[in-house]
Amino acid sequence: MQRIDTHHHLIPPDYRKALQRAGIDEAGGRALPDWSPEGLLQAMADLDVGTAILSVSTPGTTFLPAAADAAALAGDLNDYTAQLVASHPDRFGFFATVPMPHVDAAVAESVRALDELHADGVVLLANSAGVYLGQDGQDELFAALDARSAVVFIHPADLPGPVVPGVAPFAADFLLDTTRAAYLLVRNGIRRRYPNIRFLLSHAGGFVPYASHRMAVAIMADTGASPADCLDDFAGFYFDTALSSSAAALPSLLAFARPGHVTFGSDWPFAPLAAGKLFAAGLENYADDSVRQAIERTNALALFPRLGSVQPMRQPVVQRMRHSASRRVLRAVSRMISSS
């Protein structure tokens, strides 16, 4: 049974152009990697991935300060990815891009993507232009997501502060960014007020499994909350294994997370294929067969039950897309899948 990859990115051609117009050519301290339909399918084959849940990585739409511009770009990205998924729903899923920190626009696009485009969830950056997930003023968004029992994939972004020379943001800052968001979601009671949301943390949750007891004590001192309740909230997150299936990280994660709450992640193409293979091999070295199979497939099937019933499509379903570049990519993906 092939893997279901819940942390797999795409860089649509028009999105790359938008970033270039804004003078952005890197993310997390690394140059934007190449992305193509050929590379997408080759990476899936090399990593033994049968289905990839696609998402747009940082900076998302945060480089566009106007709410209308950010919402328009998010809509284009979601339309593009929805068409790709519709062409082969057995091979692809997607987390919809949401134009945070603009809450009203984020609610509208989340509802459209989940209700009309049938997204598998939404991706929210841990911080969007310095506004952290879990801060005050976001209840309308969480209420809409809770009403739909949505899966929310939390992905880190650059920290809202200067980069430290010699410290690549993707190497350390990203882990702190995810941890800050998780802390606020627990500290501010969001995990308990919106229990139907399934929050999936990138990169084994950053520092969450390892600092959870310390953070629970800090929240108790700050708010009076029960440390046991805080620990239960932290353990109730879902976690992916992207860049994290190591001898140090994986056993700690498995000891901390609830059973069934760990899914496979590759972080391609931002993580080079060699790194993806290295950490995928870690699952075989540091998890027994039943746990590994759950991480690689069955835990994701519980999160995304449609993947257990969808049948492979022999003929691609190609619908009209907004941009000619999007149509070309979709046709290329469809041809390659149909011929494989």
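This is a predicted model: local features need pLDDT of at least 70, side-chain atom pairs count only at pLDDT 80 or more; totals for chains, interfaces and linings use all residues.
**View 1**
Leucine 54 has phenylalanine 94 of strand S5 as its bridge partner. Strand S4 (residues 49-55) and strand S5 (residues 92-97) pair in the parallel sense, and three bridges join them. Strand S1 (residues 3-9) also runs parallel to S4, to which five bridges join it. Strand S4 is mostly covered, with seven of its seven residues buried.

**View 2. Helix H5 and what covers it**.
Helix H5 spans residues 139-147, and its buried residues are Leu141, Phe142, Ala144, Leu145 and Asp146. The elements that cover these buried residues include the helices H4 (103-115), H6 (169-187) and H7 (190-193). Strands S6 (121-125), S9 (151-155) and S10 (198-201) are also among them. Serine 149 follows H5 and has a positive phi, near 50 degrees.

**View 3. The crossing of helices H3 and H4**.
The axes of helix H3 (residues 67-87) and helix H4 come within 10 Å and cross at roughly 15 degrees. Angles under 35 degrees count as roughly parallel, so H3 is roughly parallel to H4. The crossing of the two helices is right-handed. On the H3 side, the contact is made by Ala71, Ala74, Gly75, Asn78 and Asp79. On the H4 side, Ala105, Glu109, Arg112 and Ala113 make the contact. The residues of this contact of H3 with H4 divide into four nonpolar, two polar and three charged.

Conventions
Residues are numbered from 1 along each chain as its sequence is written. Side-chain values use heavy atoms; hydrogens and water are left out. Buried means under 20% relative accessible area, exposed over 50%, partly exposed in between (1.4 Å probe, protein chains only). Helices (H or I, at least four residues) and strands (E, at least two) are DSSP runs, numbered from the N terminus. Two strands pair if DSSP finds at least two bridges between them. Contact means heavy atoms within 4.5 Å. Axes are lines fitted to C-alpha atoms, for helices over the stretch in contact, and angles run from 0 to 180 degrees between N-to-C directions. Angles under 35 degrees count as roughly parallel, over 145 as roughly antiparallel, 65 to 115 as roughly perpendicular and the rest as oblique. A crossing is left-handed if the near helix is turned anticlockwise from the far one by less than a right angle, and right-handed if clockwise. Ala, Val, Leu, Ile, Met, Phe, Trp, Tyr, Cys and Pro count as nonpolar, Asp, Glu, Lys and Arg as charged, and the others, Gly among them, as polar.
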